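Visitor: I am new to reading protein models. Could you walk me through a few features?

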Amino acid sequence: MTTEQSTQWWRDAVIYQVYPRSFADADGDGVGDLPGITARLDHLAGLGVDAVWLSPFYPSPQADAGYDVANYRDVDPLFGRLADFDALVARAHALGIRVIVDLVPNHTSDEHPWFQAALAAGPGSPERDRYCFRDEPNDWESIFGGSAWTQVEDGQWYLHLFDVRQPDLNWNNPEVRAEFVEILRFWLDRGVDGFRVDVSHGLIKTWEPSDKVDAPPPAIPDGPEPMWDQDGVHEIYRSWRKVVDSYPGERILVAEAWVDPIERMARYVRPDEMHQAFNFAYLLASWSADAIREVVDSSLAVCQAVGAPTTWVLSNHDVVRHTSRFGYADGTLPRNGIAAADPQPDEALGLRRGRAASMLMLALPGAAYVYQGEEFGLPEHSTLPDDVRQDPTWVRSGHTVVGRDGCRVPIPWAAGGPSYGFGPDSRSWLPQPPAWDRYALDRQRGVEGSTYELYRAALRLRREYALGAGTLTWWPEAGPDAVAFRNGGVVVVANLGAEPVALPAGARVLLASGDLDVDGRVPTDTAVWALV
Ligand code: NOJ
């Protein structure tokens, strides 16, 4: 690391994702809220994270759990008030925790005043030009299922790459661009340390700029790809980078860009663009040493090529929790939810592998993302009744894709109590499974070997040995079924094979995700950090 890089906190940070609906409910309505988060920030300080990323808390009809924003400059009463947000930031900063908020620029809610104005103003109006209205739809499909186009009363169609209630903005319209710069400034002025940018790869579609008023309306090309990862998105992020850089204290932009191959991801983190991009290639890797080594190598290489830190992520609010994803002995890798009627993950196997996977991730150089509840070893709720599902994917796919509710269930803080301490009573916007006592924080705090204590120790040692700022050198002696490397003076061995793996001679174990065997070797599905 250069001197300049060592002051850039985000290069090796551990960033904890809070999903406000499901973190902690202070007012007892069954939905988590900002005061609930503030009251639990001590937990995050105790865990040792550097920053929190808050999923959306803005006024919203909640058609997509808040990723449908009706007002970008306020807090939904469901979650509190702006004063609660200010109090959250103040408390987090007092604890040394930075705060990243979610920015949703690809689409608004259909209840956003701009969309309401577009509907009222009619075809050809400047109000319609802020969105993607056309006289004819094409064959583009919504990510959540069904057509990406919906017709309005006067016959025109609007584009929604997600839910029908999430109309896509027209990013070729200068007013849209100007508005989002102001939104960035609004939150930067309130003290936020950065933005996670939703659907970063979707803002520009391939049709011609709309400011060519004399030109006939451009034809929309058919086909699945022209709406993703277009080159035009990058100039938007370059302009935003200038905005965040004009504020003191290393504020950051983080790309949520589901792009492929991984070289495309690196384009979002070139020096004058965003600071980080989620490493979804890593998240998607199967529980295989070859697959993991390969994606670690390619991630490090493509990020190094542009001077950006690599990020690592295993779970978030859009995918099956990694403890359940890795819970299939036959290698099944569920991604879009698990239904009660589906083959169920082996909970013990998933937890064992999940703990090893987390230790492996937290030892890699770069920044790491932790999703709320993963520090408890929380599995997916894989037997949710269909009639409580709220993810729009479930309805839009004609009840064929169960979607993401299973990873969004309110998390357990206290064993025995109603809603496991999520709120003051039994209310919880999604039902929690019956047997979550053992995952509750109060069952794990101070208990040697608990997943919570494992995460806490891992974050402490990661800091102590500067693993996030280190460099990785593979240690092939551990054999083909292990993911093993040195990072500074620490050797990391994760054994994904059937045979135990010996540590280097004289190694002193710092932390292990499970017991070693009688000969001090690393057993199957176990990870160890040791000093050599
Ligand atoms: C990505 C978000 O993470 C997801 O939850 C949301 O549904 C889509 N973007 C649309 O905003």
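**Reading the model**

Guide: Take one residue and ask what it touches; contact means heavy atoms within 4.5 Å. Leaving aside neighbours within four places in sequence, Glu256 is in contact with Arg196, Val197, Asp198, Val199, Ser200, His201, Phe278, Phe280 and Asp318.

Visitor: What should I know about the model itself?

Guide: The model is predicted: local features need pLDDT of at least 70, side-chain atom pairs count only at pLDDT 80 or more, and totals for chains, interfaces and linings use all residues. Residues are numbered from 1 along each chain as its sequence is written, and side-chain values use heavy atoms, with hydrogens and water left out.

Visitor: Where is Glu256 placed?

Guide: Helices (H or I, at least four residues) and strands (E, at least two) are DSSP runs, numbered from the N terminus. Glu256 is in the loop between strand E8 (252-255) and helix H8 (262-266).

Visitor: Is Glu256 buried or exposed?

Guide: Buried means under 20% relative accessible area, exposed over 50%, and partly exposed in between (1.4 Å probe, protein chains only). Glu256 has 5%, so it is buried.

Visitor: Which residues are closest to the ligand?

Guide: Here the test is a heavy atom within 4 Å. The ligand has 13 residues around it, and the closest are Asp64, Arg196, Asp198, His317 and Asp318. The side chain of Asp198 has an N or O atom 2.7 Å from a ligand oxygen. For Arg404, that distance is 2.9 Å.

Visitor: Which peptide bond is cis?

Guide: The bond from Asp260 to Pro261, with omega near 0°. Pro261 is in the loop between E8 and H8.

Visitor: How does Arg521 count, at 30% relative accessibility?

Guide: Arg521 is partly exposed. Look for Arg521 in the loop between strand E15 (508-512) and strand E16 (526-531).

Methods:
Polar contact = N/O pair within 3.5 Å; in protein donor to acceptor, adjacent residues only side chain to side chain.
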